[in-house]
Amino acid sequence: MVEFVTSSKLPTPWGVFRLHVFLESETQREHIALTYGQWSAQDAVLLRVHSECLTGDALFSMRCDCGPQLQLAMQRIAEQGQGVVLYLRQEGRGIGLLNKIRAYALQDEGYDTVQANEHLGFAADMRNYEVCLPMLQHLGIEHVRLMTNNPRKVQALSDLGVDVVERVPHEIPANPHNSHYLQTKAARLGHLLGQDFPQHVAVSYDDEVLFSEKDSPAASK
């Protein structure tokens, strides 16, 4: 399913990771593993499975929690002295960058993330984690402590045969731009988030206002 291509050192603000590149045969997508430290086959390795988010990871968008989650994962791994980030190239929960921005435009009109995807004809979450297994096997990892708030991700890895010995909460505090997004993840996608969210959020961008859940034209859909 995936072929290991090459690896190199990657110095970061949290330490020197090793970057491993894999090529998915069917899609020709290039997936990445960032590793730190060493382990044996018996170790439960700290793991973050992170799906690509150009807007959050590279452009510092505050309308999601993806960038801060990636940075926190790398920090926690470095502090632990051992761990892996699998960076999967499946932008926008699997719908691609172009459709993700189309969904953003609908969210600007008041749709939540699930409603926007469904309005475009997609499922709420179309990600696939099958490439994780051969990547972990290449790295010699059988047991993981998974940093996630998403129980579906735990189930997906377990179904593949990965031994998830622990779910490690990986929550980022909400900001005014992503509070509704995080609330939707908790309420409609089952993410395990412990923080309280404002009931009605409206964020002003110059002369525009992003609708609150209460005022949304899509709220009744």
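Student: How many aromatic pairs does a search of the whole structure find?
Tutor: The search finds 2 aromatic pairs. The rule is that rings of Phe, Tyr and Trp (its six-membered ring) pair if their centres lie within 6.5 Å; planes under 30 degrees apart count as stacked, over 60 as edge-to-face and the rest as tilted. Before we go on, this is a predicted model, where local features need pLDDT of at least 70, side-chain atom pairs count only at pLDDT 80 or more, and totals for chains, interfaces and linings use all residues. Residues are numbered from 1 along each chain as its sequence is written, and side-chain values use heavy atoms, with hydrogens and water left out.

Student: Why is the pair of Phe4 and Phe22 called edge-to-face?
Tutor: Check the two values: the centres are 5.6 Å apart and the planes make 65 degrees. The distance is within 6.5 Å and the angle is over 60, so the pair is edge-to-face.

Student: What parts does that pair tie together?
Tutor: Phe4 sits in strand E1 (residues 2-12) and Phe22 in strand E2 (residues 15-24), so parts that are 18 residues apart in sequence are tied together. Strands (E, at least two residues) and helices (H or I, at least four) are DSSP runs, numbered from the N terminus.

Student: Which of these counts apply to Phe4 and Phe22, buried or partly exposed?
Tutor: Buried means under 20% relative accessible area, exposed over 50%, and partly exposed in between (1.4 Å probe, protein chains only). Phe4 has 31%, so Phe4 counts as partly exposed. Phe22 has 1%, so Phe22 is buried.

Student: And what makes the pair of Phe17 and Tyr36 tilted?
Tutor: Their ring centres are 4.9 Å apart and their planes are at 55 degrees. Phe17 is another buried residue, at 1% relative accessibility.

Student: How do you know whether Cys53 and Cys66 are buried or exposed?
Tutor: Cys53 has a relative accessible area of 3%, so Cys53 is buried. Cys66, at 15%, counts as buried too.

Student: Now the charges. Why is the contact of Arg89 and Glu52 called a salt bridge?
Tutor: Side chains of opposite charge can pair when their charged atoms come close. The rule asks for a side-chain nitrogen of Lys or Arg within 4 Å of a carboxyl oxygen of Asp or Glu. Arg89 and Glu52 come to 3.1 Å, N to O, and form a salt bridge. Arg89 is in the loop between strand E5 (83-88) and H3, while Glu52 is in the loop between strand E4 (44-51) and helix H1 (54-58), 37 residues apart. At 29% relative accessibility, Arg89 counts as partly exposed, whereas Glu52, at 17%, counts as buried.

Student: How many salt bridges does the count come to?
Tutor: It comes to 6 salt bridges. One of them joins Asp65 and Lys185, with the closest N and O atoms 3.2 Å apart. Asp65 is in the loop between H1 and helix H2 (66-80) and Lys185 is in helix H7 (residues 179-189), 120 residues apart. Both Asp65 and Lys185 are buried. Asp125 and Arg127 also form a salt bridge, at 2.7 Å, and Asp125 is partly exposed at 23%.

Student: What makes Leu97 count as partly exposed?
Tutor: Its relative accessibility is 36%, which is between 20% and 50%, so Leu97 counts as partly exposed. Leu97 is found in helix H3 (residues 97-108).
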